[in-house]
Amino acid sequence: GRSAPAAPVEAPPPAGWFPWLLAFAAGTLAGLVVVVAAGLLFKRAKKEREESSREAPPQQKLRGGGSSEEPPAHKTSAFGMQGKRAAMEDAHVVASKGPVTVAGVFDGCGGARAAKLCGARLASEKLRQALLDSRAGDASPAIAAFLASCETAVDAEARRAGWVDATTAVVAVVNGDTLSVGWVGDSRCVVVSGAGARVLTRDHNASNPAEAQRVRAAGGLVGRNEKEAKASKATKLAAKVLSPNIAYRTHPKNPMRVYPGGITLTRALGGRPLKMKSSCPVVADAETATVPVAGATHVILACDGVWDVLDAAGAADVVVGARPDDAAERLARAAFEKGSTDNITAVVVE
């Protein structure tokens, strides 16, 4: 038989403007989606960078005012970052003249004004000159006098302008092979050598048993919250048998605090509202120490934004081997990466 005739093939309709317009619109829309997505990703990455590295405005390294024939004997680095806090409340200063280097870290509490005032005073040519001129080696008396003058200055501003701000302070003078340090609060000084890392300061906070005892003797109370601070002997006994969670409704790992006030610090510069009370357990009395540092490689000053997540050995591991101009920044960023939630400030002297 014969095959069926093939169906006639129809010619395609002539191309019009509508398919072209549809293709153009689809391409344009896809391009817009890509651009918007890229913009959102860029904005998110920028925000994450800002949040993870909110740095304080850089503070200039100060020269000691010596002649050009007397170059500094020490290499220094300093760095401060806001970290995860809503505001930056730290300050830092470092200055060198010949064999003497002066450095300070101030960690503000309840505001940045007290820390900034103390930092500005240490940066003052006139006020730091007594520390830079500590040729005898032991600069402890000069550091104690400087910290006492800072307390007077902060208190005067508090009376005049109603400040509630307080600050810790750790100030060091490295004079050849001798280190003098004075401190108020829980910012620390660590000396690094071939034998390891050594903490020269002791924390002035309520978690320090000696400080807690001093606070109680002065009429203050200590506890992780006010309920624990005011607890009766029976409640304290129950907490030992049960747990602080049940007895005081607080976690055992929460820091001890001073009452009245509810702050962790037992010593601070400023904090006038706390010091106006008749039985004032929070004081501004500085402690000092002078030690030989022959053979030491680094002196580290840092606020608790570092020490909350790194111990002395951990901090030493970070700065040893770092470039002299990069050690403090590496230490601060290491603390941030370890989970520090505070402002983070460090000064490193080599």
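**Close-up views of the predicted model**

**View 1. Strand E6 and its burial.** Strand E6, spanning residues 169-175, is mostly covered, and seven of its seven residues are buried. The structure shown here and in the other views is a predicted model. In a regular strand the side chains alternate between the two faces of the sheet. Both faces of E6 are covered. On one side lie Ala169, Val171, Val173 and Asn175, and on the other lie Val170, Ala172 and Val174, all of them buried.

**View 2. The neighbours of strand E6.** Strand E4, residues 100-109, pairs with E6 in the antiparallel sense over six bridges. Within this pairing, alanine 172 of E6 has alanine 103 opposite. E6 also pairs with strand E7, residues 178-184, again in the antiparallel sense, over seven bridges. Here valine 171 has glycine 182 of E7 as its bridge partner. E6 and E7 form a hairpin in which two residues lie between the strands. In the turn, glycine 176 adopts a positive phi of about 65°.

**View 3. The five-stranded open sheet.** Five strands form an open sheet in the order E2-E15-E14-E8-E9, with antiparallel pairing. Its edge strands are E2 (76-81) and E9 (196-199), each of which pairs on one side only. Direction ignored, neighbouring strands of this sheet are turned by 15° against each other on average. Helix H12 packs on the sheet and touches E2, strand E14 (296-302) and strand E15 (344-349). The direction of H12 makes about 35° with that of E2. Elsewhere in the sheet, strand E8, residues 188-193, is paired with E9 in the antiparallel sense over four bridges. Valine 191 is placed opposite arginine 198 in E9.

**View 4. Helix H12 and the ring of phenylalanine 336.** Helix H12 comprises residues 327-337, and its buried residues are Ala327, Ala328, Leu331, Ala332, Ala334, Ala335 and Phe336. Lysine 84 lies over the face of phenylalanine 336, at 5.6 Å from the ring centre. Just after the helix, glycine 339 has a positive phi of about 110°. A search for aromatic pairs across the whole structure gives zero.

View 5. Glutamate 228 belongs to helix H6, residues 226-229. Because its relative accessibility is 8%, glutamate 228 counts as buried; the cut-off for this class is under 20% relative accessible area. Apart from residues up to four places away in sequence, glutamate 228 touches Val222, Gly223, Lys236, Tyr248, Thr250 and Met256.

**View 6. Arginine 249 and its backbone.** Arginine 249 is located in the loop between helix H8 (244-248) and E11. Although arginine 249 is not a glycine, it has a positive phi of about 60°. Arginine 249 has a relative accessible area of 70% and is therefore exposed.

View 7. The peptide bond that runs from tyrosine 259 to proline 260 is cis, with omega near 5°. Proline 260 lies in the loop between strand E11 (257-259) and strand E12 (269-270).

**View 8. Alanine 156 and glycine 270.** Alanine 156 is part of helix H4, residues 140-161. With a relative accessible area of 40%, alanine 156 is partly exposed. Alanine 156 and glycine 270 are separated by 114 residues in sequence, and their C-alpha atoms are 9.4 Å apart in space.

**View 9. The protein chain as a whole.** The secondary structure of the protein chain comes to 12 helices and 15 strands. Of its 350 residues, 45% are buried. Among contacts in the protein chain with a separation of 6 or more, 69% are accounted for by residues 24 or more positions apart.

Note on methods: Residues are numbered from 1 along each chain as its sequence is written. This is a predicted model: local features need pLDDT of at least 70, side-chain atom pairs count only at pLDDT 80 or more; totals for chains, interfaces and linings use all residues. Side-chain values use heavy atoms; hydrogens and water are left out. Buried means under 20% relative accessible area, exposed over 50%, partly exposed in between (1.4 Å probe, protein chains only). Two strands pair if DSSP finds at least two bridges between them. Rings of Phe, Tyr and Trp (its six-membered ring) pair if their centres lie within 6.5 Å; planes under 30 degrees apart count as stacked, over 60 as edge-to-face and the rest as tilted. A charge sits over a ring if NZ of Lys or CZ of Arg is within 6 Å of the ring centre and within 35 degrees of the ring normal. Axes are lines fitted to C-alpha atoms, for helices over the stretch in contact, and angles run from 0 to 180 degrees between N-to-C directions. Contact means heavy atoms within 4.5 Å.
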